[in-house]
Every structure is written in structure tokens, then in C-alpha cells.
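Hi there,

Here is the structure I promised to hand over. Have a look at it first, and then read on for my notes.

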Amino acid sequence: MSDYILDNEPLSPGVIYRLLSGSVCPRPIAWVATQDQQGNTNLAPFSFFNVASVNPPILAFSPLLDGSAEPKDTLRNLREVAECVIHIGSESLIEELNTTSASLPRGEDEFLLAGLKKAEMPGVSVPRIANAPVAFGCTLRDLISFGDQPLAGTLVLAEVIAIHMDDAIWDGRHVDMDALKPVGRLAGSDYIRISDRFVLERPA
Ligand SMILES: Cc1cc2nc3c(=O)[nH]c(=O)nc-3n(C[C@H](O)[C@H](O)[C@H](O)COP(=O)(O)O)c2cc1C
């Protein structure tokens, strides 16, 4: 058995990363498009991601500072252009999603690297991925930074101001899971599909 009181027995950020990302599983994946001041677009996946509020609709994700305590392009861009488009990582584009997690020099476009076409997203200047079935156009509501050390997160709170849903997955009332096929991230390079589901009725 292992019990850690972190004040007495500090664990390295690398160990805490493995402990958290291996335990808080499976995680949905935000596939986030942003843009810098010059209009260069950027795309990257973030699995530290969830819904923070419904009314108003707010999504939250967290880019960590890298191992040299440098911010990722997504965060730099949000500080320049306070908008993003959040897509949901799903089976149909999972190879492309993985491709866009490469660390490219700032200003290089992961849309091009992954061979993804852009489409206009109403309400924001950032484009969406043309063939992604779900896209949320967001304006930046808040950035909450947890420090300047390597792997420090910055919680991005993004307010949804426009929604794109493909007719194949949305009938106006329900999202069709079997059409969307969202993918979850586990630890390291492991992912999970939604093909093994079960139903549990909530108590009255
Ligand atoms: C499925 C997946 C999920 C990821 N989730 C996160 C995350 O939540 N936070 C983070 O800082 N990096 C995460 N990464 C790594 C970033 O995607 C990667 O550092 C990327 O290069 C950042 O791109 P950017 O510099 O263009 O913003 C993830 C990578 C993958 C493949």
C-alpha cells in the first residue's frame, strides 16, 4: 500500500502526471483549433477536458506548460485571439487527431500537417475542421493559471457561442453515440472506444 502526504513526501511532477493521468480515466478529448494574431491556425488535442457549465455553456480544458515551462501554442494563441473551436475526439478522425499532437514550430499549421480541410465556424474567426461531426465555437471566458513550473496547468474556460452538429449524429434531441463514436484517452498511448456500454437507471 502507498499513502503519500505530498507536503512531507513530495513526488516529482512526472510521477504525479502518471498517477493522475492513469487514474482519472477515461478522459474525453477536446480537439482545439486556435489562431494567432497573424491568422495562423493551430490544432491540438487536450484530454484534461470537461463541461464546466450548461447555462451559460462553458467548456474547460487545460494545456500544461511543457517540460521547459514553456506555454503550448494553443495557450499563446488564446492570449492573442480570445476564441477557439472545440471538436470532440472521435474514431473517424483519430489518426488525424494524433498527428496534430506533434510539437510543431509556432505558426505551423496542424490542419495542413494532418490533411484536414477548414470550414467557417459561425460567430468566431477561428475555422472548424470541415468533416468533424461536432464543433463548438467559443469565446474565452477566463484563464486560471496554476503557476510557472513545468507541467503547471492553465484552466481554459471557453464559453460556447455557436454549435455545429452533423445531421448524422444529431436529430434535434439526442446525440447518436454510435454515429459520433467518441474516443477516451487512458494513460500513455492507450485509448478506449465506447463499444462496451451498459445502462444503469438512476434512483427516483
Ligand atoms: C489524446 C491527447 C491528449 C492530450 N491532452 C493534453 C492535455 O490535456 N494537456 C496538455 O497540455 N497536453 C495534452 N496533450 C499533448 C498536446 O496535444 C501536445 O503537447 C501538442 O503539441 C500541443 O500543441 P500546441 O503546442 O499546438 O498547443 C495531449 C495529446 C494527446 C495525443
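Below are my notes on the sheet, the helix, the core and the ligand shell.

First, the ground rules. This is a predicted model, in which local features need pLDDT of at least 70 and side-chain atom pairs count only at pLDDT 80 or more, while totals for chains, interfaces and linings use all residues. Residues are numbered from 1 along each chain as its sequence is written. Helices (H or I, at least four residues) and strands (E, at least two) are DSSP runs, numbered from the N terminus.

**The sheet.** Seven strands form an open sheet in the order β2-β1-β5-β8-β9-β4-β3, with antiparallel pairing; two strands pair if DSSP finds at least two bridges between them. Because β2 and β3 stand at the edges with a single partner strand each, one side of each is left without a neighbour in the sheet. On average, neighbouring strands are turned by 35° against each other, direction ignored (axes are lines fitted to C-alpha atoms, for helices over the stretch in contact, and angles run from 0 to 180 degrees between N-to-C directions). At the β3 end, β3 (residues 49–54) and β4 (residues 57–61) run antiparallel and are joined by five bridges. Two residues make the hairpin between β3 and β4. V54 has P57 as its bridge partner in β4, and N50 has A60.

**The helix.** α2 lies across β1, β2, β5, β8 and β9, at about 50° to β1. In α2 (residues 73–80), D73, T74, L75, N77 and L78 are buried, meaning that 20 or more other C-beta atoms, placed from the backbone, lie within 10 Å of a residue's own. These buried residues pack against β1, β2, β5, β8 and β9.

**The core.** The largest nonpolar core has 33 residues, and A30, V32, C84, V85 and I86 have the most contacts inside it. Such a core is a set of buried Ala, Val, Leu, Ile, Met, Phe, Trp, Tyr and Cys residues joined through C-beta atoms within 7 Å. Beyond its neighbours within four places in sequence, I86 is in contact (C-beta atoms, placed from the backbone, within 7 Å) with A30, V32, L59, F136, C138 and A158.

**The ligand shell.** Of the 17 residues around the ligand, A44, F48, K72, T74 and S101 come nearest (C-beta atom, placed from the backbone, within 6 Å). Two or more residues come from each of β2 and α2, and β2 gives the most, with four.

Happy reading!

Key
A residue is buried if 20 or more other C-beta atoms lie within 10 Å of its own, exposed if 12 or fewer, and partly exposed in between; C-beta atoms are placed from the backbone. Two residues are in contact if their C-beta atoms, placed from the backbone, lie within 7 Å.
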